[in-house]
Amino acid sequence: MTERKVRFDPARKPLTLYVCGVTPYDSGHMGHAFTFSVFDVLVRFLEAGGQRVKYVQNVTDIDDPLFERARRDEIGWRELAERETQVHIRDMTVLGWRPPDAMPRVSDEIKRIVSASSKLHSSGYAYRTDALYFDVSKYRGYGRLSHRTRRSMLRKLRDEGLLGKVGPTAKRDALDFPLWRPSARDEPAWPSKFGEGRPGWHIECSVMAMHYLGEQIDIHGGGRDLQFSHHESERAQSESLSGKKPFARAWMHTGMVRYQGRKMSKSLGNLVKVSQALQRAPAAAVRLYLVSHRYGRDWDFDWQGLARSARLVERMRKFLADDTRAGTRKTPPGPALMAEFNAALADDLDTPRAVRALRAALRQRDAAALRAMKEILVGSAALS
Ligand SMILES: [Zn+2]
């Protein structure tokens with residue numbers, strides 16, 4: 001424990017972690033599995049060191065891409081959301097995660113979202129035209145989280161189709177974003193003092209994070225594509241609601257997973273599904289392959305890499321089975337091996353270095369160290 005670089009105090013209240021979860025319309029690909037496996041390593045590492053963690057991961061079941069997909073596939077949005085949420089939970093269970101302590105769904109949080117929107121309106125942070133908008137000019141430092149200039153923010157909004165209209169009956173400024181908006185005819189709608197409608201994307205996460213974890217949280221995570229505009233806006237809303245800074249003490253953004261040189265996406269038709277990978281390798285190998293990449297970097301999924309992880313996992317399985325069969329006297333894990341492993345993860349969650357420590361434990365035939373490392377890196381994922 002004295003080797004550990006992260007500061008922790010088991011007597012302290014639990015560390016709070018909020019991770020933006022799936023928008024359940026195309027769950028189950030490697031990009032998702034990478035993000036949630038990384039945060040699982042973080043949670044398991046902290047808990048193994050005696051730090052309690054309170055982990056919340058939401059389900060964004062009210063959002064434009066979900067409604068568009070439901071429309072295209074001629075399926076009810078609820079049915080689509082339910083099906084894809086189950087795919088996500090099933091995949092991550094197979095990949096051995098310690099489930100989040102809460103997985104709130106936006107559709108169950110509408111009352112709280114309306115009341116937060118109302119508070120922002122009455123305190124002057126929001127204005128009402130054709131929808132209720134957050135007034136970005138009222139928040140100092142919008143853009144600082146993502147280190148973007150106004151021009152760069154506008155470009156990303158345009159690329160993502162989130163720019164919207166500016167004018168006397170719409171937004172005052174192109175960076176403003178909706179807190180509450182009217183629903184299209186085939187979208188769900190709830191009553192509110194701002195008219196029948198549904199929430200904007202960003203306020204959903206502000207409300208869930210603050211309700212389940214408090215006005216200020218320790219770590220906020222998600223894919224890097226969420227840094228702007230989602231997290232930038234979440235931070236602005238949350239700090240305007242509570243009057244407390246910072247909303248999150250640390251932000252962790254995971255890199256994008258590419259395939260054949262391009263970002264994995266359904267529109268490009270190059271998604272690799274967790275279920276496809278599981279046909280070729282045991283769950284522990286898929287998981288170990290994912291976490292053998294540095295969390296903040298983009299990387300390329302390739303089948304040879306997965307095959308290498310599968311060979312490593314097979315050697316681990318065989319060695320641990322032999323060790324159990326031999327019933328050798330239990331010895332504590334080698335302190336040097338564990339020190340290196342813990343130092344790696346304490347150093348901004350350097351999982352590739354932690355995987356090298358695991359390889360060293362296998363080479364040195366240290367079953368106790370190998371078991372301890374496996375527990376954190378692959379969780380409860382099966383070795384065969
Ligand atoms: Zn979110």
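Author: Domain bounds in this text come from an automatic or database domain assignment. This is a predicted model, in which local features need pLDDT of at least 70, side-chain atom pairs count only at pLDDT 80 or more, and totals for chains, interfaces and linings use all residues. Residues are numbered from 1 along each chain as its sequence is written, and side-chain values use heavy atoms, with hydrogens and water left out.

Reader: Which domains does the assignment give for the chain?

Author: The assignment gives two ranges of residues, 15-259 and 303-377. The centres of the two domains, taken over C-alpha atoms, are separated by 36 Å. The ranges are named domain 1 (15-259) and domain 2 (303-377).

Reader: What is the average pLDDT of the chain?

Author: pLDDT is the predictor's confidence in each residue, from 0 to 100. Over residues 1-6 it stays under 50, while 97% of the residues score at least 70. The chain average is 94.

Reader: What area is buried between domain 1 and domain 2?

Author: Buried area is the accessible area (1.4 Å probe) that two parts lose on being put together, summed over both. Carbon and sulfur atoms give 75% of the area between these domains. The buried area is about 740 Å².

Reader: Which residues of domain 1 lose the most area to domain 2?

Author: Eight residues of domain 1 are in contact (heavy atoms within 4.5 Å) with nine residues of domain 2. Three residues of domain 1 together account for 69% of what that side buries. They are Val 41, Arg 44 and Phe 45.

Reader: With which residue does Arg 44 form a salt bridge?

Author: Side chains of opposite charge can pair when their charged atoms come close. A salt bridge here is a side-chain nitrogen of Lys or Arg within 4 Å of a carboxyl oxygen of Asp or Glu. Across the interface of domain 1 and domain 2 the rule finds one. For Arg 44, the closest N and O atoms are 3.9 Å apart, and the partner is Glu 375.

Reader: Which helix gives the most to the side of domain 1 that touches domain 2?

Author: Helices (H or I, at least four residues) and strands (E, at least two) are DSSP runs, numbered from the N terminus. The helix in question spans residues 30-48 and gives six residues to that side. It is helix α1.

Reader: In which helix is the place of Trp 303?

Author: Trp 303 touches Tyr 259, Val 272, Gln 276, Ala 277 and Arg 280, not counting residues up to four places away in sequence. Its helix covers residues 303-326 and is named α10.
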